[in-house]
Amino acid sequence: MFALDSTSIRSARQLVHLIEDAIATGQCQPGERLPAVRELASLADLSPVTVSAAIRDLRQRGLLVTEGRRGTFVSMARAHPPSRLTIDRPAESVDLSSGHPDYTLLPALHDTPVSLPARPDSATRLTELEELFRQGFAADDVTAEHIVFTHGAMEAVGGLLRSALSQGDAVAVEDPGYPHAHLLVDLLGMRKTPIALDDEGISPESLRQAIRAGAKAVIITARSQNPTGVGTTPQRHAALHAIISEHPDLLVIEDDYLAYLTSAPLRTLTGITTRWACIRSLSKSHGPDLRFAALSADPVTADRLDRTLLITSGWIPRTMQELVFSLMTGQHTLHALRNAARTYDRRRHIFLQTLRRHGIPVTGTNTTGLHVWIPTDDEARLCTDLLAKHWSVAPGSLFRINSEPAIRVTTTCLLSDQAEALAADLAAIRAHSAMDIGCKAP
């Protein structure tokens with residue numbers, strides 16, 4: 001814990017600066033517990049009210065997280081800021097860690113005609129684009145009366161959480177799950193409550209425990225989950241539906257990020273509670289630089305999010321809406337999406353077959369998507385050993401909270417000959433590790 005010099009502290013602002021400096025310089029480490037308010041007040045020679053104000057300011061900026069009676073901690077988001085979620089790798093290595101789509105399979109923007117609006121109506125919503133998304137949601141049994149546009153899926157998730165929850169509230173998140181969602185909960189000053197996954201989707205008992213522990217919202221991926229690829233089975237959907245229906249005030253956020261690149265059915269868990277939203281973004285299907293998402297939500301949630309966005313990031317410009325509509329309805333786009341979906345499925349299937357032939361276990365049989373999740377006893381060592389063979393994969397620590405170690409391999413750009421070579425290298429590393437363990441003295 002950093003040292004406090006009470007002679008230099010006269011206000012909440014000065015205490016904020018001292019704690020912020022301690023975090024920035026590493027004197028306070030991610031996950032470190034701060035003294036209780038009264039103890040900190042005594043150390044700083046300030047009133048508890050002043051110290052509480054300083055803590056509140058730091059929580060609002062995502063530097064601290066309060067976990068009920070456990071106390072206040074330096075946010076774990078400081079350990080892995082978003083800029084570090086990209087794996088450092090040598091230029092000669094094969095990138096299977098970034099999670100990006102194959103850029104050669106994306107729809108060509110230069111084939112998309114779009115014209116600037118003839119009048120300054122950039123704040124208006126394009127009704128044709130609304131209707132396009134409304135039809136898409138309805139086709140997957142998602143109620144689609146109220147549509148909201150955002151600058152990407154994570155802006156939607158952040159806006160939904162900010163508009164419905166308060167700092168310190170608990171949010172149930174998948175474990176393993178999408179790291180930016182985990183970080184976002186931390187940065188909003190809320191508490192992550194992990195929910196486990198198995199081959200059929202979210203564990204019912206884990207979800208039940210999270211709700212009992214006070215979770216007021218849950219972020220779910222019902223198909224092609226990142227990083228595992230798991231999809232909710234009909235039996236699991238029924239079990240989860242029964243649990244969620246017992247908690248009508250639970251905010252259910254469903255991230256359907258791969259809607260345009262998967263043939264797996266969407267067994268939605270939205271519409272069960274009074275507050276819910278289903279989000280579809282275009283970053284994987286139409287291009288990472290196309291920062292656009294649409295969500296369907298209940299009327300109150302949609303209105304709250306609309307008003308939150310209006311005073312933060314603002315509306316989606318009409319020109320962007322025109323571009324998205326033209327891109328999504330063009331025949332060249334539809335052809336490109338079908339081709340990309342088939343190619344991704346084939347590459348992932350070939351890699352899975354190759355892994356099984358080499359005796360390498362993977363998580364789940366009910367899986368689709370862009371990644372393969374491979375359990376391991378030592379993910380750091382496995383990542384290092386693979387990098388030495390010029391394979392860059394993502395360590396599971398980026399995605400995990402309490403779940404078991406693993407690595408994530410993105411298969412979007414993995415060609416057939418590479419799949420065979422990677423599986424062979426994995427098998428050789430596993431065999432060598434087993435020999436090392438066998439040689440250890442008891």
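**Notebook: salt bridges, a helix pair and a surface patch**

I began with D140, which is partly exposed at a relative accessible area of 21%; buried means under 20%, exposed over 50%, and partly exposed in between (1.4 Å probe, protein chains only). This is a predicted model, where local features need pLDDT of at least 70, side-chain atom pairs count only at pLDDT 80 or more, and totals for chains, interfaces and linings use all residues. Residues are numbered from 1 along each chain as its sequence is written, and side-chain values use heavy atoms, with hydrogens and water left out.

**Salt bridges**

I looked up the partner of D140 and found a salt bridge with R280, with the closest N and O atoms 2.5 Å apart. The pair links distant parts of the chain, 140 residues apart: D140 is in the loop between α4 and β4 (146-150), and R280 is in strand β10 (residues 275-281). For the record, a salt bridge here is a side-chain nitrogen of Lys or Arg within 4 Å of a carboxyl oxygen of Asp or Glu, while helices (H or I, at least four residues) and strands (E, at least two) are DSSP runs numbered from the N terminus. R280 counts as buried, at 3% relative accessibility.

I counted on: the structure holds 19 salt bridges. Another of them joins R236 and E200 at 3.8 Å, N to O. R236 sits in helix α8 (residues 234-245) and E200 in the loop between β6 (191-198) and β7 (201-202), 36 residues apart. R236 is buried at 10% relative accessibility, whereas E200 is partly exposed at 32%.

I then checked D385 and R381, whose closest N and O atoms are 3.6 Å apart in a salt bridge. They are about one helical turn from each other because they lie 4 residues apart in helix α12 (residues 379-388). I also noted that salt bridges with shared partners join D140, R223, D256 and R280 into one network.

**Helix pair**

How do α4 and α10 cross? The axes of α4 (residues 127-139) and α10 come within 9 Å and cross at roughly 45 degrees. That makes α4 oblique to α10 (under 35 degrees is roughly parallel, over 145 roughly antiparallel, 65 to 115 roughly perpendicular, and the rest oblique).

**Surface patch**

Last, I looked at I311, in the loop between α9 (299-310) and α10 (318-329). I311 is exposed, at 72% relative accessible area.

Note on methods: Axes are lines fitted to C-alpha atoms, for helices over the stretch in contact, and angles run from 0 to 180 degrees between N-to-C directions.
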